[in-house]
Amino acid sequence: MKKRFMTILLAGGLVLGLWGCGSSGTALPSEPVTDAEAENTSAYTTDDVLPEVWYTADDLLEMWDAGNLTKEDVVKMAEAGKMNDATFEEMISYIEREEEYAARIETIRASDEGWSVYDLIDLYYAGALSKEAIAEMAATGEIGSETFEEFLARMEWSGESTMQSGENLNGESLAKNVVEELLAEYVIEFEDFDGYKIRETIQLSPIFTEDDIEIAYALWGALGNDTSSFPSKESLYNTSYLLREMRDSFGCNELEYIIGTYALENLTDGFPITSDNPRSYQGALSTKQVSAFDEEHDSNASHFINVRSVSVVMYLDGATYYGEGNSTILSKAKMYSDTWGPCAFIIALPNGSTPNLPDGYRYDKTLILSTGMYFTDEYDPITLKYYTKEVE
């Protein structure tokens, strides 16, 4: 993952933000652990004789796929000392996720609405449904022909084979790869009015156009979100009359997206943040104003990020939409402990082409500041690129 670190000490400040992103699973050893310092020492000492049958994650996964293993079997095998702790925890996590997906599939099948494209995409990327299984469901009439055709149309993208491959237990390694390849990380430390030293960590994706929507879905899912929670165009336009105005009056009938995560950490010695001493911070992205005569940067795009964007932040209790402000909100956090977040967010930006602007507005030619504060010229602004296969 690309990472940049910047330290800012300011007399004032609002900051930081949120998210909810899954972490990758624990590495799984392929051979018995005999070292007393190894991770399995809770089950064995150096004087113990390892069991004759020692199961690895690959062994268990093969048995599960063959239908020869149950959750209860895994528990009994662990109690008998036939696998190490990490393998047991990983396998139980995998089985519980499989059970969750199975329950969701049964709920969809029992509902009057039936299958939607979003259901199929979400479960496809989760690894719960293969394209072959979906095709069979379409052949039997379980999935409507229009829904199936739309699904196939959405799946026609070059990254599909990459998304399908992945020799991991539950898709977590695959998700981690997607996140690491697509998100750049920025770390900023600042001091607020009361002298609290706060660390802000922001992860930002490249800019996705509507042609890149499938990789945007994949990244959104890899951050731990249901694909159906990806905001619809209607919900985004309904949030901001300024965004609607760009569509209705200025020909910007397309949207572009930035996906990321936001987190906060208190670094102040001797002054913890607690439920009795909470702190509130607002995290945001703002752009430096540039001249209309600046050929290197896009002054209109810089303005649009500030006032004509809509952001959607995934708090623990669901999504919150922000628009019609003077900056792009990434969080409105109230910290009850020394850490807060991370939470995922999406930023939607208007765009479109005209005879005078055949390439549309260029959000990669903007200079972005974080935290909603206007930093001095010493601050190194963030710049973004449009998604390409090279960025992937």
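Here are some notes on the predicted model, point by point.

1. Helix α9. This helix covers residues 213–222 and is mostly covered, with nine of its 10 residues buried. The buried set is I213, E214, I215, A216, Y217, A218, L219, W220 and A222. After α9 comes G224, and its phi is positive, near 95°. If you're checking backbone angles, that glycine is the residue in question.

2. Aromatic rings around α9. The whole structure has nine aromatic pairs. In one of them, F230 and Y257, the ring centres are 5.4 Å apart and the planes sit at 65°, so this pair counts as edge-to-face. F230 is in the loop between α9 and α10 (233–239), while Y257 belongs to strand β4, so the contact ties together parts that are 27 residues apart in sequence. Both F230 and Y257 are buried. Ring pairs also join Y217, W220, F230 and Y257 into a cluster. Y217 and W220 bring us back to α9, as they are among its buried residues.

3. R279 and D192 form one of them, at 2.8 Å from N to O. R279 sits in strand β5 (residues 279–287) and D192 in the loop between β2 (184–191) and β3 (197–204), so this bridge ties together parts 87 residues apart in sequence. Both partners, R279 and D192, are buried.

4. A strand-to-strand bridge. E265 pairs with R199, and their closest N and O atoms are 3.6 Å apart. E265 is in strand β4 (residues 254–266) and R199 in strand β3, so the bridge ties together parts 66 residues apart in sequence. E265 counts as partly exposed at 30% relative accessibility. R199 is partly exposed too, with a relative accessible area of 24%.

5. A loop-to-helix bridge. What is the distance between the closest N and O atoms of R308 and E245? For this salt bridge it is 2.8 Å. R308 lies in the loop between α12 (299–307) and β6 (310–315), and E245 in helix α11 (residues 241–250), so the pair ties together parts that are 63 residues apart in sequence. Is R308 buried or exposed? R308 is buried, with a relative accessible area of 14%. E245, on the other hand, is partly exposed at 28%.

6. K71, E96 and E99 are linked in a network of salt bridges. One for the list if you're assigning charges.

7. Cavities. Searching the whole structure turns up two cavities of 30 Å³ or more. Which residues line the second largest cavity? They are I258, L285, I305, T328, I347, L349 and I368. By class, that lining has six nonpolar residues, one polar and no charged ones.

8. Cysteines. The disulfide count is zero, going by sulfur atoms within 2.5 Å. As for burial, C252 counts as buried at 1% relative accessibility. C343 is buried as well, with a relative accessible area of 5%.

Definitions and conventions
Residues are numbered from 1 along each chain as its sequence is written. This is a predicted model: local features need pLDDT of at least 70, side-chain atom pairs count only at pLDDT 80 or more; totals for chains, interfaces and linings use all residues. Side-chain values use heavy atoms; hydrogens and water are left out. Buried means under 20% relative accessible area, exposed over 50%, partly exposed in between (1.4 Å probe, protein chains only). Helices (H or I, at least four residues) and strands (E, at least two) are DSSP runs, numbered from the N terminus. A salt bridge is a side-chain nitrogen of Lys or Arg within 4 Å of a carboxyl oxygen of Asp or Glu. On a 1 Å grid over the protein atoms alone, a cavity is a set of points where a 1.4 Å probe fits but cannot get out, and a pocket is an open set with protein on both sides within 12 Å along at least five of seven lines; lining residues have an atom within 4 Å of a point. Grid points are joined across faces, edges and corners, and a volume is the space filled by probe spheres set on the points. Ala, Val, Leu, Ile, Met, Phe, Trp, Tyr, Cys and Pro count as nonpolar, Asp, Glu, Lys and Arg as charged, and the others, Gly among them, as polar. Rings of Phe, Tyr and Trp (its six-membered ring) pair if their centres lie within 6.5 Å; planes under 30 degrees apart count as stacked, over 60 as edge-to-face and the rest as tilted.
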